[in-house]
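Subject: Structure handover

Hello,

Below is the structure I said I would pass on, and after it come my notes on what was found. Please read the notes with the structure open.

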Amino acid sequence: MTDDTLYVAKVVKSTAVDGVGLRNSLYVSGCSLRCPGCHNEAFWELSSGRRLTLEEVYAQLCDDDFGISILGGEPMMQHEAVTRLCRMIKERTGKNIWLWSGFTLEHISTNWPDVLRYIDVLVDGPYIEAEREPGLQWRGSRNQRVIDLRHSR
């Protein structure tokens, strides 16, 4: 895999559940974390998705004025391509980007810091079934955080 392609499980257009306002959501495939109770278990295998160029993914996500959400699977499993896609989106459109990761902000800052320059909100931390709380907004378990990176820079 090159960083010009991305394995995509699905794209959901015009959704209001993956962040503030109407958004287009990109679900990447592949996850090495495999949290027990994960509701996206079908996306754990990289091969569960279609291999698309970044330009193809960009075209699907950015043909309207909606914000962008990137979920998985685990986006950091394809961190180079995800970072390039986020950069393309920011440079070409300035759209608001949310990203969900089972890794913490601290781990991402150490291992893949470049992606943080292009995302506005990070929902971080693994899904922990014992911490599950159905009423939480934008996250599945209490340990996960919704971090507004624009105000923490």
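I start with Trp-138, which is found in the loop between strand E6 (121-124) and strand E7 (145-148). Helices (H or I, at least four residues) and strands (E, at least two) are DSSP runs, numbered from the N terminus. Two points on how to read the rest. The model is a predicted one, in which local features need pLDDT of at least 70 and side-chain atom pairs count only at pLDDT 80 or more, while totals for chains, interfaces and linings use all residues. Residues are numbered from 1 along each chain as its sequence is written, and side-chain values use heavy atoms, with hydrogens and water left out.

Backbone

Trp-138 has a phi near 70°, a positive value in a residue other than glycine. Its relative accessible area is 23%, so Trp-138 is partly exposed; the classes are buried under 20% relative accessible area, exposed over 50% and partly exposed in between (1.4 Å probe, protein chains only). Ser-14, in strand E1 (residues 5-15), also has a positive phi, near 55°. Ser-14 is partly exposed too, at 39% relative accessibility. For background, most residues other than glycine have a negative phi, and most peptide bonds are trans.

There is a cis peptide bond from Gly-72 to Gly-73, with omega near 25°. Gly-73 lies in the loop between strand E4 (67-71) and helix H2 (79-93), and Gly-72 is placed in the loop between E4 and H2 as well. Gly-72 has a relative accessibility of 9% and therefore counts as buried. Leaving out residues up to four places away in sequence, Gly-72 touches Tyr-27, Val-28, Asn-40 and Phe-43, where contact means heavy atoms within 4.5 Å. Between Gly-72 and Phe-43 there are 29 residues in sequence and 6.7 Å in space, C-alpha to C-alpha.

Cysteines

How many disulfides are there? The count comes to zero, taking a disulfide as a pair of cysteine sulfur atoms within 2.5 Å. In the case of Cys-86, the closest cysteine sulfur is in Cys-62, 10.0 Å away, which is too far for a bond. Cys-86 is buried, with a relative accessible area of 0%, and Cys-31 is buried at 7%.

Cys-31 also turns up in the surroundings of Trp-44, which is in contact with Gly-30, Cys-31, Arg-34, Cys-35 and Cys-38, leaving aside neighbours within four places in sequence. Trp-44 lies in the loop between E2 and strand E3 (50-53) and counts as buried, at 14% relative accessibility.

Nonpolar cores

A nonpolar core here is a set of buried Ala, Val, Leu, Ile, Met, Phe, Trp, Tyr and Cys residues joined through side-chain atoms within 4.5 Å. The largest one has 32 residues, of which Leu-6, Leu-26, Leu-85, Val-115 and Ile-119 touch the most other members. Two or more residues come from each of E1, strand E2 (23-28), helix H1 (54-61), E4, H2, strand E5 (97-100) and helix H3 (105-111). H2 gives the most to this core, with six residues. Apart from this core lies another, of seven residues, among them Phe-43, Leu-71, Trp-100 and Val-123.

Beyond four places in sequence, the contacts of Leu-6 include Leu-26, Val-28, Leu-52, Leu-54, Val-57, Ala-81, Val-82 and Leu-85, and also Arg-50, Arg-51 and Gln-78. In soluble globular proteins, nonpolar side chains tend to be buried together.

Ser-25, in strand E2, is buried at 0% relative accessibility. The residues that Ser-25 touches, again not counting those up to four places away, include Lys-10, Val-11, Val-12, Leu-61, Ser-69 and Leu-71.

Largest pocket

The largest pocket has a volume of about 630 Å³. On a 1 Å grid over the protein atoms alone, a pocket is an open set of points where a 1.4 Å probe fits, with protein on both sides within 12 Å along at least five of seven lines; lining residues have an atom within 4 Å of a point. Grid points are joined across faces, edges and corners, and the volume is the space filled by probe spheres set on the points.

Regards
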